[in-house]
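Keep the picture open while you read.

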Amino acid sequence: QVQLVESGGGLVQPGGSLRLSCITSGSIFSLFTMGWHRQAPGKQRELVATITQRGSANYVDSVKGRFTISRHNARNTVYLQMSSLKPEDTAVYYCNADHTNFWGQGTQVTVSS
């Protein structure tokens with residue numbers, strides 16, 4: 001079964017860090033550009049970061065310099081390292097294979113003091 005499983009979310013104080021992981025069901029995902037999206041209550045889903053098959057990364061302006069997306073294709077895993085977290089980063093974060101309907105279940109990130 002095609003499956004993406006996110007983990008690593010939690011409650012952190014402003015300025016803290018989290019590392020999210022997305023474990024995919026197989027090496028097929030190494031062929032796709034992968035992305036992290038987030039959705040806060042009452043807000044539309046937002047693309048946060050993407051990484052191509054060869055490792056080229058792009059970020060939404062609001063997270064540039066704070067977030068780093070990476071992938072380890074041999075481990076079928078995509079990561080999102082989040083630093084200098086702000087309350088406005090609070091959202092459910094989802095892993096996605098771009099231009100597909102392959103999504104994970106989401107992991108909650110809450111930034112609050």
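## Ground rules

This is a predicted model, in which local features need pLDDT of at least 70 and side-chain atom pairs count only at pLDDT 80 or more, while totals for chains, interfaces and linings use all residues. Residues are numbered from 1 along each chain as its sequence is written, and side-chain values use heavy atoms, with hydrogens and water left out.

## The big picture

What does the secondary structure of the chain come to? It comes to 0 helices and 10 strands. Helices here are DSSP runs of H or I with at least four residues, strands are runs of E with at least two, and both are numbered from the N terminus. The radius of gyration of the chain is 13 Å, close to the 13 Å from the globule rule for 113 residues, so the chain is as compact as a globular protein of that length. (That radius is taken over C-alpha atoms, and the rule is 2.2 Å times the number of residues to the power 0.38.) Along the principal axes, the C-alpha atoms fill a box of roughly 40 × 25 × 25 Å.

Of the 113 residues, 39% count as buried. Buried means under 20% relative accessible area, exposed means over 50%, and partly exposed is in between, using a 1.4 Å probe and protein chains only. Take the contacts between residues at least 6 apart in sequence: 52% of them join residues at least 24 apart. A contact means heavy atoms within 4.5 Å.

## Two sheets

Strands of a sheet pair through backbone hydrogen bonds, either parallel or antiparallel. Two strands count as paired if DSSP finds at least two bridges between them.

An open sheet of 4 strands has the order β1-β3-β8-β7, and its pairing is antiparallel. Its edge strands, β1 (4–7) and β7, each pair on one side only. Here the twist averages 15 degrees from one strand to the next.

| Strands | Bridges | Facing residues |
|---|---|---|
| β1 and β3 | 4 bridges | V5 and I23 |
| β4 and β5 | 5 bridges | H37 and L47 |
| β7 and β8 | 6 bridges | S70 and Y79 |

Now zoom in on β7. In a regular strand the side chains alternate between the two faces of the sheet.

## The core

A nonpolar core is a set of buried Ala, Val, Leu, Ile, Met, Phe, Trp, Tyr and Cys residues joined through side-chain atoms within 4.5 Å. The largest one has 24 residues, and those with the most contacts inside it are M34, W36, F67, L80, M82 and Y93. The largest share, 4 residues, comes from β9.

What does M82 touch? Not counting residues up to four places away in sequence, M82 touches G16, S17, L18, L20, R66, F67, Y93 and V109.

S21 is found in strand β3. S21 is buried, with a relative accessible area of 15%. Leaving aside neighbours within four places in sequence, its contacts include V5, W36 and Y79.

## One disulfide

A search of the whole structure finds 1 disulfide, meaning a pair of cysteine sulfur atoms within 2.5 Å. It joins C22 to C95, with S to S at 2.1 Å. C22 lies in β3 and C95 in β9, so the pair ties together parts that are 73 residues apart in sequence. The link of C22 and C95 is left-handed, with -80 degrees about the S-S bond. Are these cysteines buried or exposed? Both C22 and C95 are buried.

Conventions. Axes fitted to C-alpha atoms, helices over the stretch in contact; angles between N-to-C directions.
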